[in-house]
Amino acid sequence: MIMANSISQTANSGGHKKYGYFLGCVMPAKMPWAEKATLMISKHLGLDFEEMKETLCCVRPGVWKAINTDWWLTLTSQNLANAEKQGIVLVDSCNGCWISHYETLKELTEEPAKLEMVNRNLSSIGMHFSGDLKVKHFLEVLYEDVGLKKIRSNVVRPLDGFRIMRHIGCHARKHGDKLPGYFDEILRATGVEIIDTPYDKTCCGLLLYFSDPHTSIFDRIGAKMSTAKELDIDAYAIICSGCYDQFERAVKVLKDERGISFDTPIVHFSELLAIAFGYKPDDFGMKYCRPIPTTKFIEKLASKEGKK
């Protein structure tokens with residue numbers, strides 16, 4: 001059992017927590033089923049959980065921080081200032097969004113000169129940030145604030161018999177093994193069997209795509225999806241929206257340029273929890289807007305239900 005040693009900041013701790021879910025750019029555009037499932041399971045578990053209001057792009061550090069750190073801090077701090085004003089815990093499930101918010105908050109609270117610089121810039125648009133904020137990954141919310149015991153007690157449709165490969169993404173590993181551990185433990189709480197492969201820690205190649213599309217597509221996602229096909233995996237579980245964007249792109253490129261097709265659906269972690277909690281795939285639109293249909297997964301679920 002992993003001990004909950006939070007890497008989140010500690011402001012706004014104690015008492016009732018109001019969570020503001022930062023959707024980011026990719027989820028509303030490409031992942032409506034993940035958005036719906038995440039909100040559903042959060043409410044199901046009794047969390048005061050709503051979409052965060054007045055947001056802008058997270059300003060991914062892999063691009064912007066490398067160009068100009070002060071720009072990155074100033075732009076990202078607008079989300080932090082809005083979250084602070086709204087009195088919420090800022091929650092990310094996309095690792096790119098989380099790492100941007102988390103590391104910006106860390107730098108601003110540890111280096112007063114940077115906070116002063118940011119507030120000078122924010123003052124031009126009538127904003128201010130004091131640092132009284134907590135940023136949490138969605139996995140931290142589930143594991144630390146809800147707890148595995150409560151998650152397990154809400155599983156009414158165990159997904160035993162479903163073989164899953166998983167990809168948590170690089171940014172979730174940057175500050176240690178905690179988030180990957182949470183990811184696996186919560187997945188296992190649904191009853192799925194996690195199949196370990198040599199590619200579990202391989203980057204999805206999203207940022208690499210800008211400089212080397214071939215390696216990004218064929219040696220990253222191509223290798224992962226080919227392994228899933230060989231092992232007869234029921235679903236590829238992800239949590240990061242940025243990684244999903246890369247998976248979707250790669251699957252389309254591989255089919256269009258090489259005629260390589262895959263039938264292992266790419267599913268969001270929250271969808272598996274929603275199904276395990278008793279929701280139907282249609283409750284969150286599981287069959288829509290997919291590069292790989294979820295038909296086989298849904299049929300296996302229905303077959304399993306029919307045998308009871």
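**Exercise 1.** Are α4 and α5 roughly parallel or roughly perpendicular to each other?

*Solution.* This is a predicted model, where local features need pLDDT of at least 70, side-chain atom pairs count only at pLDDT 80 or more, and totals for chains, interfaces and linings use all residues. Residues are numbered from 1 along each chain as its sequence is written, and side-chain values use heavy atoms, with hydrogens and water left out.

Step 1. Find helix α4 (residues 69–86) and helix α5 (residues 95–110). Helices (H or I, at least four residues) and strands (E, at least two) are DSSP runs, numbered from the N terminus.

Step 2. Take the axes. They come within 9 Å and cross at roughly 105°. Axes are lines fitted to C-alpha atoms, for helices over the stretch in contact, and angles run from 0 to 180 degrees between N-to-C directions.

Step 3. Classify the angle. Under 35 degrees counts as roughly parallel, over 145 as roughly antiparallel, 65 to 115 as roughly perpendicular and the rest as oblique. So α4 and α5 are roughly perpendicular.

Step 4. List the contact (heavy atoms within 4.5 Å). On α4, T69, W72, L73, T76, S77, N79 and L80 take part; on α5, S100, H101, E103, T104, L105, E107 and L108 do.

**Exercise 2.** Describe where α7 and α12 meet.

*Solution.* Step 1. The axes of helix α7 (residues 138–146) and helix α12 (residues 269–276) come within 12 Å and cross at roughly 35°.

Step 2. Name the partners. F138, L139 and L142 of α7 meet F269, S270 and L273 of α12.

**Exercise 3.** Which residues have the most contacts inside the largest nonpolar core?

*Solution.* Step 1. Define the core: buried Ala, Val, Leu, Ile, Met, Phe, Trp, Tyr and Cys residues joined through side-chain atoms within 4.5 Å. Buried means under 20% relative accessible area, exposed over 50%, partly exposed in between (1.4 Å probe, protein chains only).

Step 2. The largest core has 103 residues; F129, L139, L142, I151, I186 and F269 have the most contacts inside it. Helix α11 (residues 241–258) gives the most to this core, with seven residues.

Step 3. Look at I186. Neighbours within four places in sequence aside, I186 touches L139, L142, Y143, L148, I151, F269 and L273.

**Exercise 4.** Where are D232 and C289 found?

*Solution.* Step 1. D232 is in the loop between α10 (213–230) and β7 (235–238). C289 is in the loop between α12 and α13 (295–306).

Step 2. Check phi. D232 has a positive value near 55°. C289 has a positive phi of about 55°. Most residues other than glycine have a negative phi.

Step 3. Check exposure. D232 is exposed, at 56% relative accessible area. C289 is exposed, at 51%.
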